[in-house]
Amino acid sequence: MNACILGAAAIGMAAAGAWAQAPGETVRMNQIQVIGTHNSYHAGIAPSETELWKRMDPDRLRTLEYRHAPLDAQLSAGVRQIELDIVADSAGGRYAHPAGPRMVAEAGLPRDPPFDPSGVMPRPGFKVMHIPDVDYRSTCLTLVECLQIVRGWSRSHPGHLPVFILIETKQTPEKSKIPLTVPEKFTAKTLDALDAEIRSVFGPEETIVPDDVRGWRRTLEAAVRKDGWPTLAQARGKAVFLLDQKDVSPDYLLGHPALRGRVLFTNSDPGRPDAAFLERNDGPGEEIATLVRQGYLVRTRTDDGTEEARANATARRDAALASGAQILSTDYPASEPAVWTGYRVAFPDGAVARCTPVLAPPGCRITEPLEAPRR
């Protein structure tokens with residue numbers, strides 16, 4: 001039996017397109033499943049604003065009643081994919097004065113704690129939030145701050161499984177019962193700035209980018225379907241950046257065919273030159289299994305809008321687990337079960353990861369104890 005014990009530290013990347021096999025760790029990064037969190041930065045809505053939204057829009061509030069621990073705490077608890085929603089703020093200050101506190105004051109409710117005690121919101125740069133004016137409190141307010149937290153955790157936990165960082169670009173105004181700040185549009189220039197912010201935190205030796213995977217192939221799709229993804233030995237200790245929204249892909253690909261020179265893998269479709277990462281958030285499981293077998297990296301959702309968690313409905317979760325999707329996104333990882341029912345998403349025995357059920361090599365098994373931080 002070719003058992004694969006996955007506990008070695010990361011090794012250097014091999015020459016382009018030729019992934020070296022580390023002794024005892026031949027499993028590739030697309031042959032495992034990890035659990036990630038949806039809106040990983042989400043700090044919840046403050047008490048008085050919660051009361052306000054109960055009065056104004058209780059149905060919408062129902063979908064927002066979850067919150068997450070700080071990013072480093074999630075990673076230490078075994079999460080290996082985080083999601084950061086970003087809004088562009090090239091001039092600074094666009095989101096510095098949300099409507100929520102003003103509305104609380106007008107309603108005569110007690111003042112909530114300040115959401116930006118460090119005063120970072122007036123400065124230029126990408127901000128991290130769910131919905132401007134409504135659901136804007138985050139455990140880390142800027143993209144750079146969030147990434148610095150992840151990098152700090154990574155450096156303190158050498159040899160960890162790769163951490164997938166999903167970036168959702170928010171540029172379409174949300175429907176709301178109050179006027180909301182209109183997000184800044186993402187352009188090719190904005191997306192260049194996004195790459196630059198990521199590179200300001202993570203060095204090239206700390207990431208796996210499309211150029212690393214493509215190798216000598218003309219397209220990413222050909223590389224992942226014919227050559228495969230890096231091994232875990234090569235991916236350990238690294239971050240992999242994924243771009244969620246398809247509406248910005250044309251600008252992100254402009255001048256960068258098949259993502260040459262880019263940092264993020266786009267959410268693409270089979271048959272496209274940039275196709276390596278795909279989202280199938282609603283399944284179906286049979287389609288996901290087929291895509292995984294073809295070599296794509298797939299993300300899916302196990303729950304949405306708090307509904308499964310309130311009813312402890314596990315059918316969608318169990319179908320996602322069985323589908324073989326490598327990234328399973330939830331609002332309720334094992335360390336943060338739903339308060340209503342205890343609903344959570346976890347692997348047996350509290351494992352950080354497992355071999356994906358539809359693509360695992362013979363004898364594959366994963367051991368990933370949480371490493372003690374460096375002293």
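N39 sits in the loop that runs between strand 1 (32–37) and helix 1 (47–56); helices here are DSSP runs of H or I with at least four residues, strands are runs of E with at least two, and both are numbered from the N terminus. The phi of N39 is near 50 degrees, a positive value in a residue other than glycine. Is N39 buried or exposed? With a relative accessibility of 1%, N39 counts as buried, where buried means under 20% relative accessible area, exposed means over 50%, and partly exposed is in between (1.4 Å probe, protein chains only).

Before going further, a word on the model: it is predicted, so to speak of a local feature takes pLDDT of at least 70, and side-chain atom pairs count only at pLDDT 80 or more, while totals for chains, interfaces and linings use all residues. Residues are numbered from 1 along each chain as its sequence is written, and side-chain values use heavy atoms, with hydrogens and water left out.

A258 is another residue to look at for its backbone. Its phi is positive, about 55 degrees, although A258 is not a glycine. You'll find A258 in the loop between helix 10 (249–253) and strand 7, and at 5% relative accessibility A258 counts as buried. The peptide bond leading from G283 to P284 is cis, with omega near 0 degrees.

Now step back to the whole chain. It has 13 helices and 11 strands, and the C-alpha trace spans about 70 × 45 × 45 Å along its principal axes. How does the radius of gyration fit a compact globule, and why? For 375 residues such a globule would have a radius of gyration near 21 Å, and the chain has 20 Å, so the two agree. That radius is taken over C-alpha atoms, and the globule rule is 2.2 Å times the number of residues to the power 0.38. Of the 375 residues, 57% count as buried. As for contacts (heavy atoms within 4.5 Å), take those in the chain with a separation of 6 or more: residues 24 or more positions apart account for 75% of them.

T169 gives a close-up of such packing. This residue belongs to strand 4 (residues 163–169), and it counts as buried because its relative accessibility is 3%. If you leave aside neighbours within four places in sequence, T169 is in contact with I86, F186, L243, Q245, D247 and V248.

Over in helix 6 (residues 188–201) you'll find V201, which is buried at a relative accessible area of 10%. Again leaving aside neighbours within four places in sequence, the contacts of V201 are with V144, L147, Q148, R151 and E206. R344, by contrast, is 143 residues from V201 in sequence and 32 Å away in space, C-alpha to C-alpha.

Next comes helix 8 (residues 220–227), in which L220, E221, A222, A223 and V224 are buried. What covers them? Helix 7 (210–214) and strand 7 (265–266) are included in the cover over the buried residues of helix 8. Just after helix 8, G228 takes a positive phi of about 90 degrees.

On to the cysteines. A disulfide here is a pair of cysteine sulfur atoms within 2.5 Å, and by this rule the count comes to 2. One joins C140 to C146, with S to S at 2.1 Å, and this link is right-handed, with 100 degrees about the S-S bond. Both C140 and C146 are buried. The other disulfide joins C355 to C364 at 2.0 Å from S to S; with -80 degrees about the S-S bond, that link is left-handed. C355 is buried at a relative accessible area of 14%, and C364 is buried at 16%. Numbered in sequence order, the bonded cysteines of the chain pair as 1-2, 3-4.

On a 1 Å grid over the protein atoms alone, a pocket is an open set of points where a 1.4 Å probe fits, with protein on both sides within 12 Å along at least five of seven lines, and lining residues have an atom within 4 Å of a point. The volume of the second largest pocket is about 210 Å³, that is, the space filled by probe spheres set on the grid points, which are joined across faces, edges and corners. Its lining divides into 4 nonpolar, 6 polar and 4 charged residues; Ala, Val, Leu, Ile, Met, Phe, Trp, Tyr, Cys and Pro count as nonpolar, Asp, Glu, Lys and Arg as charged, and the others, Gly among them, as polar.
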